[in-house]
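Work through the exercises below with the coordinates open. Each task is followed by a solution in steps.

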Amino acid sequence: MDGRLDAGGHLTPRLHFLKMPALLRKPGFDGLDAGVDERGARLELRRQIARLEAELGARFGDGFGHTEIPHRIDALAAAPRVLDLGELETVRDRLADRVAEAERALVERQRFEDENRNLVEKMFAAPQDFKWVRVSRQDLGLHGCGHWHSKPRLGPIGMLMGWWRVKVSSGCPLAGRLAAVER
Amino acid sequence: MGWVPAPQQGWVAPHIVSELPGLGIAWVEVDAKPGRSPDPVRRRLRDLSDRTYGSQAIRLRERPIPWAYRVFYRQIGLDPDRTRTPVEQLTLDRLHDGGFRSHGLPADGLNIAIVETGVALRAFDADNVEGRLCIRDSAPGESLSGHGEMARGTLVIADEARPVGLLFGSTAEGLAVERSSRRIAVAAVQVKGVPQIAVEEALWMAASTLEAT
């Protein structure tokens, strides 16, 4: 994705010669007479890396506990050193890819949670149409234990009579009960 | 800040600082004896543990100073999720261990300052440091004592004679604080986005913890 990001890190069709020194060195581009300021390009790439790292950090925080946010980027060097232009471009591009992936993961998760929220509303409206369906609080992006479960009243009798209802579980097990299980 | 001992400002090789503006090093030397941390320091670690939560750890990378170090790690080719920044490593250790464990002095003094301010600190045996500290790249064939030859261009913290440690990495043999050390140099590595006041606060906090013992 070389040269895809502009100074603000946004997608742009405009050529930015400062950011494409490798391209400008290729035969056929001599006539453009565009000077190459590699140091300026490196500083610009570092600025973009800083902005992308902030975006990735924010998405990591937003998604934590809800969905897996891809955020890992392998180290380019075994020991700390000043990276060259190509390496900085690699870091910038990988960060941009991770930000895009994280964004997609968050959007998909949001859609999943919205669908489940609608499902719970429909379950309450017509539990008989959602027999035995069970939706957990995590599926709605909520913390804590618990779920909504479409079940018949009075067991088999309710099943035969069509007495369905949505049962809301009572939350997380109490510490005492957990301790009893441990014993 | 008007406190004694005053921090000293190191230098950064001009071609490095032109590439990585904002990079700096400052240090302070204190008389201190390594060993078991006294009760007030251990109590402070416990208080710090009580103030550090999982939710803070998750959002840590969004705070300005930890973010600045993460960015710098990326810019020098490190993966901050593998080679962790000092404050992130300590916060993860806190979650893993259920509290900040005491590792004695000077580690506890540095850890308190790192967690409180987010600034990256290092400790060296000041009696073995020759002259001013600096940040530079390694010369061809140069080695870090006890760790072998470094790749050319490796960023190091050095004194006027030799590298004393990798920037965010191993410390050279003979420069690490040992039981026999009697004078400790606490160094803060400043990167772009870390305010000078935070660096001075970190040095003051670490130095005052070490001096008070």
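Predicted model: local features only at pLDDT ≥ 70, side-chain atom pairs only at ≥ 80, totals over all residues.

**Exercise 1.** Determine which strands of chain B pair with strand 5 of chain B, and in what sense.

Solution. 
Step 1. Locate strand 5 of chain B at residues 134-137.
Step 2. Take strand 2 of chain B, residues 11-12: two bridges link strand 2 to strand 5, and the pairing is parallel. Within this part of the fold, Val12(B) has Ile135(B) of strand 5 as its bridge partner.
Step 3. Take strand 8 of chain B, residues 155-158: strand 8 runs antiparallel to strand 5, and four bridges join them.

**Exercise 2.** Which residues of strand 5 of chain B lie on the covered face, and which on the uncovered one?

Solution. 
Step 1. Assign Ile135(B) and Asp137(B) to the covered face.
Step 2. Assign Cys134(B) and Arg136(B) to the uncovered face.

**Exercise 3.** Describe the open sheet of chain A: strand order, edges and twist.

Solution. 
Step 1. Read the order of the three strands as 1-2-3, with antiparallel pairing.
Step 2. Identify the edges as strand 1 (134-136) and strand 3 (164-168) of chain A, each of which pairs on one side only.
Step 3. Note the twist, which averages 20 degrees from one strand to the next.
Step 4. Examine strands 1 and 2 of chain A: three bridges connect strand 1 to strand 2 (residues 147-152), and the two run antiparallel. Across this pair, His147(A) of strand 2 stands opposite Ser136(A).

Conventions
Residues numbered from 1 in each chain as written. Chains lettered and ligands numbered in written order. Buried ≥ 20, exposed ≤ 12 C-beta atoms within 10 Å, placed from the backbone. Pairing = 2+ DSSP bridges. Axes fitted to C-alpha atoms, helices over the stretch in contact; angles between N-to-C directions.
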